[in-house]
Structure formats: C-alpha cells, structure tokens
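Subject: Structure for your review

Dear colleague,

Please find the structure below, together with its sequence. I would be grateful if you could read the notes that follow with the coordinates open.

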Amino acid sequence: MVSNKMTVLVVEDDMAVCNLLSTALSSHGYAYATAMTGEEAVRSMAASMPDIVLLDLGLPDLDGVDVIRKVRTWSQVPIIVISARVDDTDKIEALDAGADDYLSKPFSVGELLARIRTTERHLRYMARDREPEVSVFHNGDLSIDFVAGTVQLEGKELHLTPIEYKLLCLLAQNVGRVLTHQFILREVWSGAAEGDLASLRVFMATLRKKIEKNSSHPRYIQTHVGVGYRMIRV
Ligand code: CA
C-alpha cells in the first residue's frame, strides 16, 4: 500500500504544533513534508506536489491567505486551513481565497484525521470523474443532470425552483469545499438586491426539505455556523 500513501504538507511555524501534526500523520500511515514559512510552503507545493496541504494562517513572512492566492494560480491541491483566531473573518477570507476546509485551534488529532479522510474521499472521486465535462453529477442517491437541468433523488425527479437549483448546482460543483455565505450570494444572486443572508437561509431550508430525508440531520449539505455551507461527498 506504500504507493497509495498520501503526502500531506504541514505548513506551521510553531515547532511543537508542527511535530504534533507530523507525528499524528505518520502514525496513521501518511507521508508528510513540513514548511515553516509561507515562501517555503509555496516552493514546496510547486516542487513536490503534495496531495493535501495543512496551512496555518499565522505565518512569520506571508499571510496564509496570500499563500492560498499564490498557489491557486496554478494548483487545485486541497488546502485545509488551520486558524487560531476565534472570530470567523480569517476563515472566511481563506475560504474565499480558495481554501477547501478549515480547522480551528485547538483541535483534536481525531478531528484532524477525520477532515483528512473527507478530503481523501473527494480526491478519489475527483480522480474517477476526471472526464473534462461531467454532465451528470452523482452523490449518494442524488443526481443532477446539468444538461437537462433536472435533479433526481432515489431515481425520482425533484421539482426545484430556479434559485434552489442554482444553489444545489453550486454546492455540487464545489463538493467537499466549504462555500462562504458571501460567495454563494455572489454566485447565485449575482449581487442583486434580494441576495441577502436571510433569503439564502430560506432557500437553503426549502432545498433541504426536498433533498434531505431528515433535515435536522442533513446528509448532503452541512451548515458551518457563521461561515457558510458545504456539500459532503456521501
Ligand atoms: Ca503560526
């Protein structure tokens, strides 16, 4: 199984945290590399092409968000941001710059490994679906035919409003990524006046009623309180 080993790049300037993360990764069968600065991280991503990046936002030279912006000009490598601050603004900024997910300090090793497994699952699907134009999206019992503009759940066609459909397609096209409220509003409402957080919540609730069997335990769409939403690869 050695050839299947995922390589995780750990970008963290705090030596103790960096050691903790590297030890946890290697004891669970991952290969890892480390970088202590933003510049080193960018160089390492270009040179060794890791499968997943864990990125601390508070780095001594560059802001973590600038690292994401740089890397996103040429790479789609999954980036899980590690944020020390309590408020959500830095996470939101990082997600809008192209990060895929985030962990807030302090976090447990179990939580970290769970996020990495989720990312791995998405990577496997992405590798499988690499055909340039995937016209039908499948996730669990849900399927979206982008060409026909139809959605099915367990083989039955769902009737979605145009906004619900746009919302679902946006989440599906970014499956695995946490999308911020601001990003969703911009993409779905294209900045129209009615595009506010309250209406996003209303449309999300009606969409969930249609696709989730149990809306108090959603299977497909996760809520990230104060941040946004994410479609999970089930
Ligand atoms: Ca730091």
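Predicted model: local features only at pLDDT ≥ 70, side-chain atom pairs only at ≥ 80, totals over all residues.

Calcium site

The calcium ion is held by three donor residues, namely Asp 13 (OD), Asp 56 (OD) and Gly 58 (O), at 2.2 to 2.4 Å. Along the chain, these donors of the calcium ion follow the spacing D-x42-D-x1-G. Asp 56 has a relative accessibility of 4% and therefore counts as buried, the limit being under 20%. Gly 58, by contrast, counts as partly exposed at 39% relative accessibility.

Asp 90 is part of helix α4, which spans residues 89-97. With a relative accessibility of 5%, Asp 90 counts as buried. Leaving aside residues up to four places away in sequence, Asp 90 touches Leu 57, Val 65, Ser 83 and Arg 85.

Gly 226 sits in the loop between β11 (221-224) and β12 (228-231). Its relative accessible area is 38%, so Gly 226 is partly exposed. The C-alpha atoms of Gly 226 and His 122 are separated by 24 Å, and the two residues are 104 apart along the chain.

Helices α7 and α8

His 181 also belongs to the contact between α7 and α8. Helix α7 (residues 181-189) packs against helix α8 (residues 197-211) at an angle of about 80°, and their axes are 10 Å apart. The two helices are therefore roughly perpendicular to each other. On the α7 side the contact is made by His 181, Ile 184, Leu 185 and Trp 189, and on the α8 side by Leu 197, Ser 199, Leu 200 and Phe 203. Of the residues in this contact of α7 with α8, six are nonpolar, two are polar and none is charged.

The sheet β6 to β9

Four strands make up an open antiparallel sheet in the order β6-β7-β8-β9. Its edge strands are β6 (136-139) and β9 (156-158), each of which pairs on one side only. On average, neighbouring strands of this sheet are turned by 25° against each other, direction ignored. Strand β8 (residues 150-153) is joined to β9 by three bridges, and the two run antiparallel. Leu 153 stands opposite Lys 156 in β9. Helix α6 (residues 162-173) lies across β6, β7 (142-145) and β8, and runs at about 105° to β7.

With kind regards

Terms used: Residues numbered from 1 in each chain as written. Heavy atoms only, no water. Axes fitted to C-alpha atoms, helices over the stretch in contact; angles between N-to-C directions. Parallel < 35°, antiparallel > 145°, perpendicular 65-115°, else oblique. Contact = heavy atoms within 4.5 Å. Nonpolar A, V, L, I, M, F, W, Y, C, P; charged D, E, K, R; others polar. Buried < 20%, exposed > 50% of the residue type's maximum accessible area, 1.4 Å probe, protein only. Donors = N, O, S within 2.8 Å, 3.2 Å for Na, K, Ca; no water. Pairing = 2+ DSSP bridges.
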